[in-house]
Amino acid sequence: MNAQTEKKPIIEMRNIRKTYGPVIALAGVSIKIYPGECHCLLGDNGAGKSTFIKTMSGVVKPTEGDIIVDGNVQNFENPRDAMEAGISTVHQHLAMIPLMSVSRNFFLGNEPTKKIAGIQFYDREKADHETMEAMRKMGINLRGPDQAVGTLSGGERQTVAISRAVHFGAKVLILDEPTSALGVRQTSNVLATIDKVRKEGVAVVFITHNVRHALAVGDRFTVLNRGTTHGTAERGGITPEALQDLMAGGQELASLEGSLGGTV
Amino acid sequence: MSNETTTGIDERVNEMSSFRNALIRPELGGIIGTIAVFAVFIFLAGDSGMFSVQGVMNWSVVSAQFMIIAVGACLLMIAGEFDLSVGSMIGFAGMLIAIFGVTFGWPMWMAIILTFVICMTIGALNGLICIRTGLPSFIVTLAFLFILRGFTIFLPQTIERKTIIGGIREAAEGDWLGIIFGGKILQGLFIYLGDLGVIAVFSRGTRAGQPVVDGIPMLIVWALGLVIFGHILLTKTRFGNWVFASGGDAEAARNSGVPVSKVKILMFMFTAFCATVFATCQVMEFGSAGADRGLLKEFEAIIAVVIGGALLTGGYGSVIGAALGALIFGVVQQGLFFAGVESSLFRVFLGVILLGAVILNTYIRRLITGER
């Protein structure tokens, strides 16, 4: 077809099914995610987006289906397994502590240490230096590494969280609605961050229900609707209107959209 | 995508003045308070003997007592929890040492070690109940405040038919572990200084010729040791980072892979350890254990920590600050005595300074997090 088919997917989700008792949350969803690409996962509330990314990040186990990372079938028991396989999630509820400095947050749980007289100490200089470096790369200018995260804007915090995940070796980065609570300018900052991360060869899975945000950075688009997917479209292969229609479950929205003058 | 907004210094962020930067240090309140308190008492009681060797030793010992429990309370508060059972734990630990060492006649080192094990287990239990049930530590440790105090009265009454057990000093005579809590160091230096005439010597009585201060009590050594240990643990190790994170936002810390439950339970155990150190030094000094020992100590520890700049909500604070808070306490409590002021005013002072410190801390938190 094109160059994409020659590339090997970093992660492939094959025919994922998840049922909660009688409720079918996912009825066989398959996607392939390639390194260096931003794969947008769109869908309305209740479409199964959350359940799907939870299976990918090891939070829930699929009832059926295979997760293939780098050609190997994986069986994630918990989020830690997924993280070790290079799959990192930046949650809506960020793993950031407002009262702590950016560098202490950045290295939280992965603190660098140095040995002095046989005792392990926190290597603050190294942490500060690497944090400033990583922040500069992402275009955030800190007053200093000891600036508290609480003083950063929502978009900057997202960026810190994203660059932290990348710094600690994420190959697949799952962003769960990173722009949903942000203003216009902060959103554009986060989208710029996604672009930078993608250029470093990281695969980004960008969950959103905002078509415009998706089209701004996405390379591929998969729409989930009622636990199923209608296939994956490539950049330029689909119009915003078509995406919107797919998300809303087809034609019902068309009449509504007409009466609202195309504002949705 | 334009990078205009993210590169270059944000024009809306004013340069932080050095004054505001200094305010963000948690110890600042403690430093200012310490200077103020010393200034006031040098003025009020400068010629009363408060700053003679004896006087200094007097308020240093009291400050050191506050410090020992403040270090534990400080680390625990930064980890996001309280321990209201500290005071009762002090009474309970002292009573256990007396019962094991005097009533049962066991060797003193065995009594002390066993007491430490029991008290730290109770500390762990406090933590475990808080973590497992998700109840606020305020309530869980309030329950232990009563449970431990009840046992502290019940045990000696049942066993010895009294609420004070004496004879501890005799029982600890020559005991290697007793010395570590009840002994003194640098005695040679003080005798030398006495001989030189640098410090006063007794002129009459059985101790004539000996210096009025004959060494530094181990209580002070423990206090300084715990402050240094706590400060290094908190600011220079990865565990310290976890303590801040556990108190700042436990959920976020868990998401980052911090073993929050373990950190909190360890801090409850450390608080219990500090309370037991306090109790052991106290019974070694007094030679007896009483059922009413340690009353209200939990609140004094918490106040010292808050004066030292820690936030009651956790995630922020300083051991050095807490130590300065304890120093302020000791100086004021003994200073009022030296200055001849009615000592009940100490409580008025406590209340006023607590209120002032909490208001200052709330303001500082807004500065750090940029809340409006």
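Reader: How many aromatic pairs does a search of the whole structure find?

Author: The model is predicted. Over all chains, the search finds 21 aromatic pairs. A pair of aromatic rings is described by the distance of the centres and the angle of the planes. Phe116(B) and Phe273(B) are one such pair, with 5.3 Å centre to centre and 45° between the planes, and count as tilted. Phe116(B) lies in helix H5 of chain B and Phe273(B) in helix H13 (residues 260-286) of chain B, 157 residues apart, and the pair links distant parts of the chain.

Reader: Why is the pair of Phe270(B) and Phe273(B) stacked?

Author: Planes under 30 degrees apart count as stacked. The planes of Phe270(B) and Phe273(B) are at 15°, with ring centres 6.3 Å apart, so this pair is stacked.

Reader: Where do these two residues stand in helix H13 of chain B?

Author: An α-helix has 3.6 residues a turn, so residues three or four places apart point the same way. Phe270(B) and Phe273(B) are 3 residues apart in H13 of chain B, which means a separation of about one helical turn.

Reader: Is Phe116(B) buried or exposed?

Author: Buried means under 20% relative accessible area. Phe116(B) has 9%, so Phe116(B) is buried; Phe270(B), at 11%, is buried too. One aromatic cluster includes Phe116(B), Phe270(B) and Phe273(B), along with Phe181(B), Trp222(B) and Phe229(B).

Reader: Which helix gives the most to the nonpolar patch?

Author: H5(B) does, with 5 residues. The patch covers about 880 Å², and Trp109(B) is among its residues. Trp109(B) is in helix H5 of chain B and is partly exposed, with a relative accessible area of 34%.

How values were computed. Residues numbered from 1 in each chain as written. Chains lettered and ligands numbered in written order. Predicted model: local features only at pLDDT ≥ 70, side-chain atom pairs only at ≥ 80, totals over all residues. Heavy atoms only, no water. Patch = residues over 30% accessible without salt bridge, like charges linked within 9 Å, V, L, I, M, F, W, Y side chains within 5 Å. Areas by Shrake-Rupley, 256 points an atom, 1.4 Å probe, with all protein chains shown as cover. Salt bridge = Lys/Arg side-chain N within 4 Å of Asp/Glu carboxyl O. Helix = DSSP H or I, 4+ residues; strand = E, 2+ residues; numbered from the N terminus. Buried < 20%, exposed > 50% of the residue type's maximum accessible area, 1.4 Å probe, protein only. Phe/Tyr/Trp six-rings, centres within 6.5 Å; stacked < 30°, edge-to-face > 60°.
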